[in-house]
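Have the model open as you read.

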Amino acid sequence: MQLYNLKQPEQQVSFEQAVLQGLGQQQGLFFPKNLKPIEDIDALLAMDFNSRNASVLAHLLDHELSEEVLKGMLDEAFTFKAPLKQVDDNSYCLELFHGPTLAFKDFGARFMAQCLKRFGGDEKLTIVTATSGDTGAAVAHAFYGMDNVDVVIMYPKGKISLLQEKMFCTLGKNIKTIAVEGTFDDCQQLVKQTFDDQDLRSQMRLNSANSINISRIAAQVCYYFEAVAQLKQQNADDKVVISVPSGNFGNLTAGLMAKCLGLPVERFIAATNVNDTVPRYWQTGNWAPAVTVPTLSNAMDVCEPNNWPRIEEMFKVGLLDKSCLSTTMVDEEDTQLSMRQMYQQGFTSEPHAAVAYKALKRSIVDGEVGLFLGTAHPAKFKESVENVLGQPIALPKELAACATEDILSHSFDADYSALRAFLLAQR
Ligand SMILES: *Cc1c(COP(=O)(O)O)cnc(C)c1O
């Protein structure tokens, strides 16, 4: 597989190099050079989950890894399913929260861990990551106890739910966590500075597990095929419209890449909360990030979504037509209304999926079937879900287990020199 750096197209790398480097020169994202449709989509959709996933990834990676090798990796990484639930007449939720940390990020983080196990070599590797909530847990659990890997995770202090925090800040061992006095965008900026610090990089081997890593995006391409396969089984194969609750836009990048690979999806909806840089941009052509505002859907509190250049590229080079993407902002009031409406329909939802459902309902027309991504288990947002619905939410065993543990995090200002010193001390 060949990928090029979006900021410096002459830098070209293989999948293995892209996974190991994370970001390219000038902090450029890597993007696949030859995205081309898979020929027999119907046969592909008829396959079982991981066989199909291996086939999709072998195609995407241009057979840099064989289908057989990929199947082995996927059987380790994707040990849980993505069931489809009907929510109303013409809308379905693809539940992506049945992994060990109850959010879709388990798919990407666990596949990335498999890739690093395969490509990583013997030298110690330090993974530096920012999280707006769910990445932290997924990455921490995917790499927990792995030899030769240290994980350093930064998150905005007080801006993620207590249970989210408990899920990754209580592990210890090779998992180090830092509560940063600032926003998620500050944390993300610190990660970028780390990767730009050539002097530091000459002293230690660094990687990031953020959705800038192409292995995470690749993993997420798989479940869009699963969504359409299950819709077909339910004979709900009108024109498919997929609504994606978006923050850093990794999930939407994967969905649009699946479309480039020939997945029959009519169009996508990018649904954001009031942190709506992309919806405003899509309407006006003006990229104007505002200050990040905390919301109920906190994993989407991102004003400078770092995957957006990949999406822009798909339109710029003509892989996709602009008509296959619309964007919508869903405010806090509509998020709550959406949660209550879903509850009345027998579906308990957390705020992120509720944003996507609302966006879908605003947009879907006759002759279309709607699908939205259920990105996290409602219990992960227990407090806000209970507040909005007025109903108690039971904790699944994964959360009950860590709820009583102590948080082991360090705490810093959003200051690169503090992070740098911390990283050097970990060598
Ligand atoms: C990370 C996350 C999102 C946003 O996904 P992106 O790929 O960053 O756009 C949405 N919902 C939940 C629950 C998340 O954890």
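## Around Phe-143

Let's start inside: Phe-143 touches Ala-109, Met-112, Ala-113, Leu-116, Ile-127, Val-149, Val-151, Asn-174 and Ile-175, leaving aside residues up to four places away in sequence. Contact here means heavy atoms within 4.5 Å.

A word on the ground rules. This is a predicted model, where local features need pLDDT of at least 70, side-chain atom pairs count only at pLDDT 80 or more, and totals for chains, interfaces and linings use all residues. Residues are numbered from 1 along each chain as its sequence is written, and side-chain values use heavy atoms, with hydrogens and water left out.

## The nonpolar cores

Phe-143 also turns up among the residues with the most contacts inside the largest nonpolar core, along with Phe-15, Leu-60, Phe-111, Tyr-224 and Phe-225. That core has 141 residues. A nonpolar core is a set of buried Ala, Val, Leu, Ile, Met, Phe, Trp, Tyr and Cys residues joined through side-chain atoms within 4.5 Å; buried means under 20% relative accessible area, exposed over 50%, and partly exposed in between (1.4 Å probe, protein chains only).

Which helix gives the most to this core? Helix 10 (residues 214-233) does, with 13 residues. Helices (H or I, at least four residues) and strands (E, at least two) are DSSP runs, numbered from the N terminus. Domain 1 (44-100 + 214-389) and domain 2 (105-212 + 404-425) both supply residues, so the core lies between them; the domain bounds come from an automatic or database domain assignment. There's also a second, separate core of 20 residues, including Val-128, Ile-178, Met-204 and Val-302.

## Helix 13 and its neighbours

Helix 13 (residues 308-316) has Trp-308, Arg-310, Ile-311, Glu-313, Met-314 and Phe-315 buried. What do these buried residues pack against? Their partners are strand 1 (3-5), strand 3 (30-32), helix 10, helix 11 (250-260), helix 12 (277-284) and strand 12 (325-329).

Two strands pair if DSSP finds at least two bridges between them.

Strand 1 is joined to strand 2 by 3 bridges, and Leu-3 stands opposite Val-13 in strand 2. These two strands form a hairpin with 2 residues between them. Strand 1 is also joined to strand 3 by 3 bridges; there, Tyr-4 has Phe-31 as its bridge partner.

## Thr-135 and the cysteines

Thr-135 is found in helix 6 (residues 134-143). Buried or exposed? Thr-135 counts as buried, at 8% relative accessibility, and it touches Lys-105, Thr-129, Ala-130, Ala-209 and Arg-216, again not counting residues up to four places away in sequence.

As for disulfides (a pair of cysteine sulfur atoms within 2.5 Å), the count comes to 0. Cys-222 is in none, and the nearest cysteine sulfur, in Cys-115, is 11 Å away. Cys-222 is buried at 0% relative accessibility.
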